[in-house]
Structure formats: C-alpha cells, structure tokens
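Please consider the structure shown below.

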Amino acid sequence: MAIQNGTLIKLYDGTTAIALLTSSDMSLEREMLDATNKDSSNWKEVQPGLKSYSFSAELFHDPAQAYNLYDLYAKWDAGTALTMKLSSEIGGEKKYTGTVYIANISVSTPANQLSTVSVEFTGSGALTESTI
C-alpha cells in the first residue's frame, strides 16, 4: 500500500467538488467523561462520551466559482445545512459523509498575492463511513 497523495482527496458539497481547493481537513473528536472515583488510586479515569466531527477547507477566492466568498457568506448567513463529503472517489476506498453547518469563514487578502478563503464546517448528527 502506497502513501496517498493528498491532491487525490477532495471535499465535496453533495456531489460537487469544491473548486480551487488548496487544502482540506477532517477532524474527529470524542468527549471524555470523568470517571475518577475513590478507588482510582490518584489516577484519572475516563469513559468515552459524545462524538463530533468537523471539516475545514482553504481555497482561492474566485468570484466566478461556486464556493467563493459570496456564496459561502449566503450559506453561513442563512444557516444552510450542507451534505459534506471527504473522498478520493477511487473505487474500493472509504469516504466520509455528514451534515454540516458553516461555523467560521476567514478571508486573507495579502498584497501582491492570491486571496484565499478558509471555511470551518461543524458536523450535526452522525458521520458515516462507506466504501466507494
């Protein structure tokens, strides 16, 4: 098994790949519930609690492309639920899909460089893993 080139893995809104994407991330978290008790011998004990996930993306800003700043702002402002997917779309590999909301948008506009938009998507409900 070879190490996979990150360029092959894209972030999708539904079936549409986010254009001009320069990087994307998926984060999985699980809360740890404190289960420390008098028999713990001064060692903290935990039990797994709620799970959560998020996606993030950085892309170049091009007003002619979907997922430009204006489109993202409208979805953020309306509180639109999106179906986000992280996938290589290569048969036999895994993909991860879930309902998300836009939690944060950041814009970077440096002098004499390309402007970028960074977006954080927070998951709502279960994240599913399936085979392509």
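Predicted model: local features only at pLDDT ≥ 70, side-chain atom pairs only at ≥ 80, totals over all residues.

Phe60 belongs to strand E4, which spans residues 46–60. Leaving aside residues up to four places away in sequence, Phe60 touches Leu20, Thr22, Leu114, Ser115 and Thr116. A further spatial relation concerns Val107, which is 47 residues from Phe60 along the chain, while the C-alpha atoms of the two are separated by 9.7 Å.

Two of these contacts, Leu20 and Leu114, also join Phe60 in a nonpolar surface patch of about 270 Å². Leu20 is located in the loop between strand E2 (16–17) and strand E3 (21–34).

Attention now turns to the backbone. Most residues other than glycine have a negative phi. Asn42, by contrast, has a positive phi, near 65°. This residue lies in the loop between E3 and E4, and Asn42 is exposed because its relative accessible area of 85% is over 50%.

Asn112 likewise has a positive phi, in this case near 55°. The loop that holds Asn112 runs between strand E6 (94–108) and strand E7 (116–131). At 85% relative accessibility, Asn112 is also classed as exposed.

Technical notes:
Residues numbered from 1 in each chain as written. Heavy atoms only, no water. Helix = DSSP H or I, 4+ residues; strand = E, 2+ residues; numbered from the N terminus. Contact = heavy atoms within 4.5 Å. Patch = residues over 30% accessible without salt bridge, like charges linked within 9 Å, V, L, I, M, F, W, Y side chains within 5 Å. Areas by Shrake-Rupley, 256 points an atom, 1.4 Å probe, with all protein chains shown as cover. Salt bridge = Lys/Arg side-chain N within 4 Å of Asp/Glu carboxyl O. Buried < 20%, exposed > 50% of the residue type's maximum accessible area, 1.4 Å probe, protein only.
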